[in-house]
Amino acid sequence: MKILVAIKQIPRRDATPQIDESGRWNPDEQSEFETNEPDAFALEEALQLKDRHGGEVVVLSAGPERVAQSIREALSLGADRGIHIVCDDLAGLDTLGLAGRLAEAARRESPDLILTGLQSDDLGLGQTGVVMAELLDIPHATIIMQVEAGDGRVRVKRELESGWFQWIELPLPALLTIQSGIAKLRYASLMGIKKARTKEIRKIEAAELAAPPPPSVTLHRVFPPQSRKSTQIIGGPPAEAAAKLVEKLRSEVRAI
């Protein structure tokens, strides 16, 4: 089984965005980047499937030269090789533009299974995997908690709302977006780090891909979160006040 895992490199979650006087923020000016954590769970699921069924795990990512570091980290964890779509215009791509490039690169590999994280920690749109599947015209399922593969099909467990789950079966090839926390992430061994230095990372220039020209996206302004405090006095008889408090905790604060 050939499994392709799409990963994204994002600014470190604990980094403070440098916003200029006009409210603009350029992520590429951040000094530190890391692999998107939801994508790390997709990679872990791919590696576990490889451990059980054999095959090959290929890591795919798009971005500037620094993205090679995230690909190399995936190789040190056990992925077999990487594909780097070299481009410096990610900030101007919408979901369709990025998914188009990833889908075209994936089409050349003809994988049996494509895995992505549920969403990215920087934008949180949760759309790239689904759009990739539509462009590739393959079945897909989202919010996956468990994967069972065999006989040209996958049986997956999806997380629904209110503690409900759903089991569905899909023919291969297929694409799955993996829920964070599906498994315990592994650490790279010293041997894995050494082997990663010799594993292939194939570079593809974005201009080589036959994806349609993406629409232009412009980030006009970034607003830091505002810290606000407010006090509400709930009056009335104790029983009535308690009922109002419970309702506010449930519907507004969502603490219960």
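In which helix do E240 and K244 both lie, and how many residues apart are they? Both residues belong to helix α6 (residues 238-253), where four residues, about one turn of the helix, separate them. The structure is a predicted model, in which local features need pLDDT of at least 70 and side-chain atom pairs count only at pLDDT 80 or more, while totals for chains, interfaces and linings use all residues. Residues are numbered from 1 along each chain as its sequence is written, and side-chain values use heavy atoms, with hydrogens and water left out.

**Overall architecture**

- The protein has six helices and eleven strands; these are DSSP runs numbered from the N terminus, with helices being H or I of at least four residues and strands being E of at least two.
- Taken along the principal axes, the box filled by the C-alpha atoms is roughly 70 × 50 × 40 Å.
- Of the 256 residues, 37% are buried; buried means under 20% relative accessible area, exposed means over 50%, and partly exposed lies in between (1.4 Å probe, protein chains only).
- The accessible surface amounts to about 14800 Å², and carbon and sulfur atoms account for 51% of it; such areas come from the Shrake-Rupley method with a 1.4 Å probe, and for residues only the protein chains shown count as cover.
- Among contacts (heavy atoms within 4.5 Å) between residues at least 6 apart in sequence, 69% join residues at least 24 apart.

**Salt bridges**

- The whole structure contains 19 salt bridges, each defined as a side-chain nitrogen of Lys or Arg within 4 Å of a carboxyl oxygen of Asp or Glu.
- One of them pairs K2 with E109, with 3.3 Å between the closest N and O atoms.
- Because K2 is in strand β1 (residues 2-6) and E109 is in helix α3 (residues 95-109), this pair ties together parts that are 107 residues apart in sequence.
- E109 is buried, at 8% relative accessibility.
- A network of salt bridges links K2, E56, R81, E109 and R202.
- The helix α6 residues E240 and K244 also form a salt bridge, and their closest N and O atoms are 3.3 Å apart.
- E240 is partly exposed, with a relative accessible area of 40%, and K244 is likewise partly exposed at 39%.
- E148 and R155 form a further salt bridge, in which the closest N and O atoms are 3.4 Å apart.
- E148 counts as partly exposed at 34% relative accessibility, as does R155 at 35%.

- E44 is part of helix α1 (residues 37-53).
- With a relative accessible area of 4%, E44 is buried.
- The side chains of E44 and R186 are joined by a polar contact of 2.9 Å; a polar contact is a pair of N or O atoms within 3.5 Å, of which, within protein, one must be able to donate a hydrogen and the other to accept it, and residues adjacent in sequence count only if both atoms are side-chain atoms.
- Apart from neighbours within four places in sequence, E44 is in contact with A183, K184, L185 and R186.

- In helix α4 (residues 128-136), the buried residues are G129, M132, A133 and L136.
- These residues cover an arc of only 100 degrees around the axis, which puts them on the same side of α4; the arc is that of the directions from the helix axis to the C-beta atoms.
- The partners against which the buried residues of α4 pack are α3, β6 (113-117), β7 (140-150) and β10 (174-178).

- The peptide bond between L172 and P173 is cis, with omega about 0 degrees.
- P173 sits in the loop between β9 (165-171) and β10.
- S110 is not a glycine, yet its phi is positive, at about 50 degrees.
- S110 occupies the loop between α3 and β6, and at 56% relative accessibility S110 is exposed.
- D137 is also not a glycine and has a positive phi of about 60 degrees.
- D137 follows α4 and is located in the loop between α4 and β7.
- At 70% relative accessibility, D137 is exposed.
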